Amino acid sequence: MDRGMVIFLGALLTFSSSWLGLILFPYWQLNNEKPYQKEPGDDPYPMPLQGEALAGRKIYQANGCIYCHSQQVRSEKFGNWWDENGQEHTGADIKRGWGSRRNVSRDYIYDNPTMLGTMRTGPDIANVGSRYSEAWQHSHTFNPRALNDWSIMPSFAFLYRKEKVVGERSEKALKLGREWTVDPGYRWRPSASEWDAILQQSGDAIKSRYLTEPTHTGGIDPNTPDGKKRLLDFWLTTEEEGIQIVPTGNANALVAYLLALRKAEVPVPEAKE
Amino acid sequence: MSSVTVIPLHDRERAAAERASIDGSCRGPVLYFTASALFWLLAGSILAIIASAKLHSPYFLTGIPELTFGRVRMAHLQAVSIGWTSMVTMGGSVWMMCRLCRTELIYPKLLYVSATLWNIGTLLSVGGILLGDGQSVEWLDAPPYAPPFFVAGLGIVSAWVAATFRRRREKHVYVTQWYILAALFWFPWLYTVAVFMIFWSPATGVVQPIVNWWFNHNFLGLWLTPVAVGTAYYLIPKIIGRPIHSYYLSITGFWALALFYSWAGMHHLIGGPIPAWLSTASTVGSMMMFIPVIAVGINHHMTMRNHFHRLKYSPALRFTVFGAITYTWVSFQGSIESLKDFSEVAHFTHYTVAHAHLGAYGFVTMIFFGLYYYMIPRLTGREWSSSTLIRIHFWCASVGITIYFVSLSIGGWWQGRMLNNPDVSFGNITRYLLPYLFSRTVAGILLTIGHIAFATSFVMNLAGWGKKRTGGPTFFVEKVA
Amino acid sequence: MNAANVAMFAVVIGSIVVFGTATILALGWAFRNGQFDNFDQGAASIFGPDEPVGEPTDAFPK
């Protein structure tokens, strides 16, 4: 026996110990968890993803969403803060409305890969499916700043298609003002001279449209700088004429996945606290 | 210096010739590994700047799907972890192993195959991720077609290092060899188990993140750390010409690291849907890491004592000592971070990102830079052509990583405090972080400037622009005795 | 405490005993075998006649 053997055996033993303790034990404990059924006839929880939602998980994976969004609501006892009276509180995740209960291992038995996440550059989305509508998700995915001006999330405009409206507007078409749709992914604003040209051409139409809004009382004078600006701000929030933004298959799949994320909704017995 | 004994000239020449011949036998494969690593470092740096800029300026390059934040971030991690650090680890291990075993490298051509496999794997991984095949499994984002290349490439290197060790002429097994042998045994196992349990035969639910974090933490702990610490154990004594202060301590440190480091990692899932005992076990492992870290810290410090002035003269020493000191600090910080109360704030924030970079850059990468500055001239037989470039590299790297660490640590800590308080809106947290995220981009640009200076030096050396080394231990600025 | 937990504890404690004993035996063997002797010599093994103790081997290029 020489030193080589000592090193080999030592390395083997120390490493096996951690492999046994951190991998094999949890594997035995958790690998065969079954879905939960309250009464024999009830639908089991959780259910495996299917169809579009399953395809959407691939899009979620491919674009690295996990690097800003965790999928785990933590216990009411986790993490503390003090209010202005110096009173200590815990459990921000649930209080932020990210879920109605903490997550447990059973919530993930059909996840593959299991994207718990380790970063909250964006909010937790374990339960995002029960928090927002499909239309909201599409607009937000297309350009998050259209809904939250502070957002630093990338826009996924490349998952959407800009097209001419043929016949009726598509039901799925995003309801966003032209500032978001003229240059998909960015926020567009015409330069002063461009705006002048636009006013020249269709100023009257824009003005009459402006006045049809019930809140816009008192008229507007497009010849004053202030009126010009107010008209522009209004015009930017109106939809582009004859143009629509519709989700591609990938966008539909991604949003289907997001809507299927309801990990902290159904009560399970082990998630008491 | 009184400790210098007079050595007969012919002994000296013979030993120098032997060393030169050993270095010569590694030249091709090690230069291939290190040149490839450097390429991936540059690629990773560019990806890093893009990803960083996108976090404070979301409209930057927004229309290109290949460059969306999530993909660039995954590609960056693969480029620097698999491309840069792993390739230096392998190349450096081969060279140090040959030197320490006092034996020439056999069948060097197969190591070219290994490095080529590794490069193909990394290219598939980085390219595949950008094109939309990323896996969103942290540190293991490589698309499914890449891992076989890594397993094969790694197998060759491990076998070569073991074979070199079997052929050793030096009777004593130096502590660096312990670290290298262990790392090259651990990593293939670690990697294969992780890929197997997450991709090839996926475990159920939360077992996957458990395996994932066991891998991630051990990637640093049992792959990069042993080789980087081993490198410091070789370079520091060699450069200053003084044996390790306490060899006993270095061996103890090795075993403590082997035993405890592998148990850390689960605290990254703190508060998550995993059994509480797992996080606790990792907290214990992390706290025990104080032992090997203090052992290494004391040892390196005592070895350097009275020799700190040499930092002025030796570029390799400067980088290596920077890395060794950072090792102590980043490990202390890591142990503290595993504590529940601390982690409740730091988890899910940029604080962890700062810590990861202090480890992977401030410690591992800095020591590897030191290794390059020492090893490359001995392989090519040429000195570095410009000390200005080296100085630019050092100052950009050290100032850059400091800005990076300080800004994200402060921002991340307050981010965590605010996340724990539901009265602070998410929008306010995001706005609060912007200046810190912007500082990170500045730091990234500084680091990249350093890397470009470094790559320029490297290419000039390979191209033969440096002064020829004149045999024996050159590089003296100070006259000995 | 259910059966699964008892089994877990048994395995944990069992493995602590097994690995602990193995570690102690290995250390005992190493001591008797002289693995811990002569540390100074070991530390000096990286030096040779061409790069002896006392001579620094790296500096900024001139």
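The model is predicted, so local features need pLDDT of at least 70 and side-chain atom pairs count only at pLDDT 80 or more, while totals for chains, interfaces and linings use all residues. Residues are numbered from 1 along each chain as its sequence is written, and chains are lettered from A and ligands numbered from 1 in the order in which they are written.

Let's start with chain B, which has 14 helices and zero strands (DSSP runs numbered from the N terminus: H or I of at least four residues for helices, E of at least two for strands). Its radius of gyration, taken over C-alpha atoms, is close to the value from the globule rule (2.2 Å times the number of residues to the power 0.38), so chain B is as compact as a globular protein of that length.

| Property of chain B | Value |
|---|---|
| Radius of gyration | 22 Å |
| Span of the C-alpha trace along its principal axes | about 75 × 45 × 45 Å |

Of the 481 residues of chain B, 62% count as buried (20 or more other C-beta atoms within 10 Å of their own, with C-beta atoms placed from the backbone).

Over in chain A, the domain assignment gives domain 1 (51–149 + 249–260) and domain 2 (180–238), with bounds from an automatic or database assignment. The centres of these two domains, taken over C-alpha atoms, are 37 Å apart.

How values were computed
A residue is buried if 20 or more other C-beta atoms lie within 10 Å of its own, exposed if 12 or fewer, and partly exposed in between; C-beta atoms are placed from the backbone.
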